[in-house]
Amino acid sequence: MRVTKATVIRECAVCERTLLQGEVTVRFSPDGVEFVDVCPLCQEAALDYGWVREGGPMSRALSPHQRRKRPRWAQLLGVGTEDVAQPVVPEPVLRRLSDSEAALVEAADLFNASLFRRTIEGVARALGEPFVSVVPLSGVNGEVVLTFAWEITWYQYRVTPEASQPIRLADRGADISEIEPVFQEWNAELDDQGRVVPSVAT
Ligand SMILES: [Zn+2]
């Protein structure tokens with residue numbers, strides 16, 4: 001039997017190593033929707049990131065539609081909860097932001113409440129603080145692009161606030177220079193809790 005060379009090169013989603021033909025991998029989902037291949041050496045890292053193993057239980061905490069809000073009473077009283085997804089900007093600050101600045105903050109809040117935050121936290125634990133940018137796209141649907149870059153890897157997420165799946169991994173790469181200049185205006189950072197904080201919010 002003639003075997004044609006596979007055209008799809010699989011790589012480990014964690015270490016980005018090209019997987020050997022026939023190498024046994026485990027499928028993980030970073031976002032509860034799409035699955036990626038993870039090599040045997042990186043399974044623990046994937047679990048650390050909070051990725052869900054294929055066939056494993058999808059816990060409610062890892063729901064892709066997770067967008068936690070403070071309870072109504074807490075909003076009324078201006079009381080925070082110990083929720084990890086607390087807004088990065090207190091109400092009074094939010095009020096004096098322009099619409100476009102507020103859109104960046106909203107995108108950051110959505111990201112911070114998502115499972116993807118765990119991915120970035122995990123990489124930051126290994127590689128240190130990333131460069132972060134939050135850039136609105138021109139267009140009617142208010143999309144915002146979040147870019148996280150280290151010297152040797154980068155992740156780019158697209159936030160579409162009104163979508164049922166508001167955040168998706170849009171692109172990633174292995175060299176910071178691959179990132180388009182418009183997304184290299186580093187205008188945000190990760191705080192000590194691993195949340196994205198746009199500089200307009202500080
Ligand atoms: Zn790996």
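**Entry 1**

I began at Ser29, which stands opposite Val52 in strand 3. This is a predicted model, so I kept the confidence values at hand. I then looked up the strands around that pair. Strand 1 covers residues 26–29 and runs antiparallel to strand 3, with 2 bridges joining them.

**Entry 1: the whole chain**

I stepped back to the overall inventory. The protein has 5 helices and 9 strands. Reading from the N terminus, I noted the order β-β-α-β-α-α-α-α-β-β-β-β-β-β.

I checked burial next. The protein has 202 residues, and 31% of them count as buried. I also looked at contact range. Among contacts with a separation of 6 or more, 54% come from residues 24 or more positions apart.

I turned to strand 5, residues 144–149. How many of its 6 residues are buried? I got 5, so I logged the strand as mostly covered, taking 20 or more other C-beta atoms within 10 Å as the cut-off for buried.

I followed its pairing on both partners. With strand 4 (residues 131–136), strand 5 pairs in the antiparallel sense over 6 bridges. Pro136 has Val144 of strand 5 as its bridge partner.

With strand 6 (residues 154–159), strand 5 is also antiparallel, and 6 bridges join the two. Here I picked out Leu146, whose bridge partner in strand 6 is Tyr157.

**Entry 2: confidence**

I left pLDDT for last. The mean over the protein is 80, and 81% of the residues reach 70 or more. Which element has the highest mean pLDDT, and which the lowest? Strand 5 has the highest, at 97. Helix 2 (residues 72–77) has the lowest, at 48.

Over residues 59–75, pLDDT stays under 50, and the model has 26 contacts beyond four places in sequence for them. Over residues 77–84, pLDDT again stays under 50, and I noted 10 such contacts beyond four places in sequence.

Conventions
Residues numbered from 1 in each chain as written. Predicted model: local features only at pLDDT ≥ 70, side-chain atom pairs only at ≥ 80, totals over all residues. Buried ≥ 20, exposed ≤ 12 C-beta atoms within 10 Å, placed from the backbone. Helix = DSSP H or I, 4+ residues; strand = E, 2+ residues; numbered from the N terminus. Pairing = 2+ DSSP bridges. Contact = placed C-beta atoms within 7 Å. pLDDT = per-residue confidence, 0-100.
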